[in-house]
Amino acid sequence: SGIVLVAINPYEQLPIYEQDVIYAYSGQNMGDMDPHIFAVAEEAYKQMARDEKNQSIIVSGESGAGKTVSAKYAMRFFATVGGSASETNIEAKVLASSPIMEAIGNAKTTRNDNSSRFGKYIEIGFDKRYHIIGANMRTYLLEKSRVVFQVR
């Protein structure tokens with residue numbers, strides 16, 4: 001296991017995920033700034049570029065903990081630091097998939113009105129200049145045990 005970040009869902013918008021914060025974490029070394037999802041994303045991005053090896057970020061937590069939102073913030077970080085305005089808009093397409101990502105496999109459960117019943121594996125592809133060239137999302141581990149009812 002590598003770096004572990006414990007994030008808490010504040011259930012409200014905070015100004016800690018804006019564009020200027022992405023730029024503040026971009027290029028920084030882990031530990032130079034406060035713990036943040038952008039610090040984890042920067043470390044993975046930097047190691048991918050330096051070692052030319054695949055990297056993984058695992059986002060885990062309870063229902064309603066903010067896993068999907070954390071994954072979206074990491075994707076936004078990669079789209080910002082791994083793209084440029086002159087490139088094709090593949091970065092925008094990856095980010096546009098977020099609503100689809102949230103909609104797949106959601107159901108009302110005993111804990112949450114809109115809880116995902118699937119794990120999501122998102123693979124983001126980068127070219128040799130470390131710009132995003134595509135993404136692939138797969139779902140796994142259907143969990144039916146906490147579903148309240150099925151719509152007919």
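Colleague: What pLDDT does the chain average?

Modeller: pLDDT is the predictor's confidence in each residue, from 0 to 100. The chain averages 78, and 68% of the residues score at least 70. Over residues 84-88 the pLDDT is below 50. This is a predicted model, in which local features need pLDDT of at least 70 and side-chain atom pairs count only at 80 or more. Residues are numbered from 1 along each chain.

Colleague: At what angle do the axes of helix H2 and helix H3 cross?

Modeller: Two packed helices are described by the angle between their axes and the distance between the axes. Here H2 (residues 37-51) and H3 (residues 67-81) have axes that come within 9 Å and cross at roughly 50 degrees. H2 is therefore oblique to H3 (under 35 degrees is roughly parallel, over 145 roughly antiparallel, 65 to 115 roughly perpendicular, the rest oblique).

Colleague: Which residues in H2 meet H3?

Modeller: Contact means heavy atoms within 4.5 Å. Ile 37, Phe 38, Ala 41, Glu 42 and Tyr 45 in H2 meet residues of H3, including Tyr 73 and Phe 77.

Colleague: How many aromatic pairs are there?

Modeller: Rings of Phe, Tyr and Trp (its six-membered ring) pair if their centres lie within 6.5 Å; planes under 30 degrees apart are stacked, over 60 edge-to-face, the rest tilted. The count is eight. Among them, Tyr 17 and Phe 38 are edge-to-face, 6.1 Å centre to centre with 90 degrees between the planes.

Definitions and conventions: Heavy atoms only, no water. Axes fitted to C-alpha atoms, helices over the stretch in contact; angles between N-to-C directions. Helix = DSSP H or I, 4+ residues; strand = E, 2+ residues; numbered from the N terminus.
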